[in-house]
Amino acid sequence: EVRRYLASTIYVTNTAVGPLLLLAAGVALLFVDLGSVAQEMGVPIPALAPMVPYLAAWMLGMSTTTASSISLEGKGIDQLKVLPVSAMSVFRAKLSLHLALTLPAQAVAATLFTVALRPAFSEAVLLYALPAAFAVLAGLAGLWINLAHPKFDWKSETEVVKQGLPTFLTVFGSMLFAGVPLVLTLTGVADAALVAYLFLALCIAGSLLLWRSLCGKGARHFAAL
């Protein structure tokens, strides 16, 4: 999976942008005036910490490698299927690449955000946990959608990496899913802590349901490709 990933420039450039933006934001926040940032966003400085996890999740949602990983097998999908490995081994390999790309960047960025914002303990925990849980959910969702809507007759990798339906649904669905609690937090419609923990619970529950579905229906989809 890593060799396949690094062998495609379009694959790397379109999925590495989210983690890179996240790291850049973490570094930038160390050097900017938080008062100016809060003023630009129209919120008090203490409100920045509850918002950052959703912004981080939004960026990670742009970098879901699994949304095109099945389609990128192309005409070689038959060779993959005859290997003496289970469908779940294939799924784990593709999901592991996605997590290796997103989770280390998220951990470093969360540390930078914590240093810059000096949040309360519960907010610091969410800086680490919420985007990480979201990244897992996005990876599983991308894999499931790509299994349901594969495209193997592509002429160029751009067709699946940038223009494919699974990529579109995963990226924009992820951004929308992360955007709703961000708006609720910004507008103060609901308690920020309650929204955050509900969102975290939804990410965990959704990931468990998707993994269970991949173990059953997903494996059957893979066998029928």
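Predicted model: local features only at pLDDT ≥ 70, side-chain atom pairs only at ≥ 80, totals over all residues.
## Overall architecture

The protein chain contains twelve helices and zero strands. Read from the N terminus, its elements run α-α-α-α-α-α-α-α-α-α-α-α.

Along the principal axes, the C-alpha atoms occupy a box of roughly 55 × 30 × 25 Å. The radius of gyration of the protein chain is 18 Å, which agrees with the value near 17 Å that a compact globule of 225 residues would have.

## Burial, surface and contacts

Of the 225 residues in the protein chain, 44% are buried.

## Salt bridge between glutamate 73 and lysine 94

The structure holds five salt bridges. One of them pairs glutamate 73 with lysine 94, with 2.8 Å between the closest N and O atoms. This pair links distant parts of the chain, its two residues being 21 residues apart. Glutamate 73 sits in the loop between helix 6 (66–69) and helix 7 (77–81), whereas lysine 94 belongs to helix 8.

How do the two partners stand in terms of accessibility? Glutamate 73 has a relative accessible area of 23% and is therefore partly exposed. Lysine 94 has a relative accessibility of 1%, so this residue counts as buried. Both residues also take part in a network of salt bridges that links Glu1, Glu73 and Lys94.

## Salt bridges of lysine 151

Lysine 151 meets the side chain of aspartate 153 in a salt bridge, at 3.4 Å from N to O. Lysine 151 also forms a salt bridge with glutamate 159, where the closest N and O atoms are 4.0 Å apart.

The relative accessibility of lysine 151 is 32%, so lysine 151 counts as partly exposed. Glutamate 159 counts as partly exposed as well, because its relative accessibility is 22%, and the cut-off for buried is under 20%.

## Threonine 64

Threonine 64 is placed in the loop between helix 5 (48–60) and helix 6.

A polar atom of the threonine 64 side chain lies 3.5 Å from the backbone oxygen of glycine 61. Leaving aside residues up to four places away in sequence, threonine 64 touches Thr15, His98, Ala138, Gly139, Gly142 and Thr170.

## Arginine 118

Arginine 118 lies in the loop between helix 8 (87–117) and helix 9 (121–148).

Notes: Residues numbered from 1 in each chain as written. Heavy atoms only, no water. Helix = DSSP H or I, 4+ residues; strand = E, 2+ residues; numbered from the N terminus. Buried < 20%, exposed > 50% of the residue type's maximum accessible area, 1.4 Å probe, protein only. Polar contact = N/O pair within 3.5 Å; in protein donor to acceptor, adjacent residues only side chain to side chain. Contact = heavy atoms within 4.5 Å. Rg over C-alpha atoms; globule rule 2.2 N^0.38 Å.
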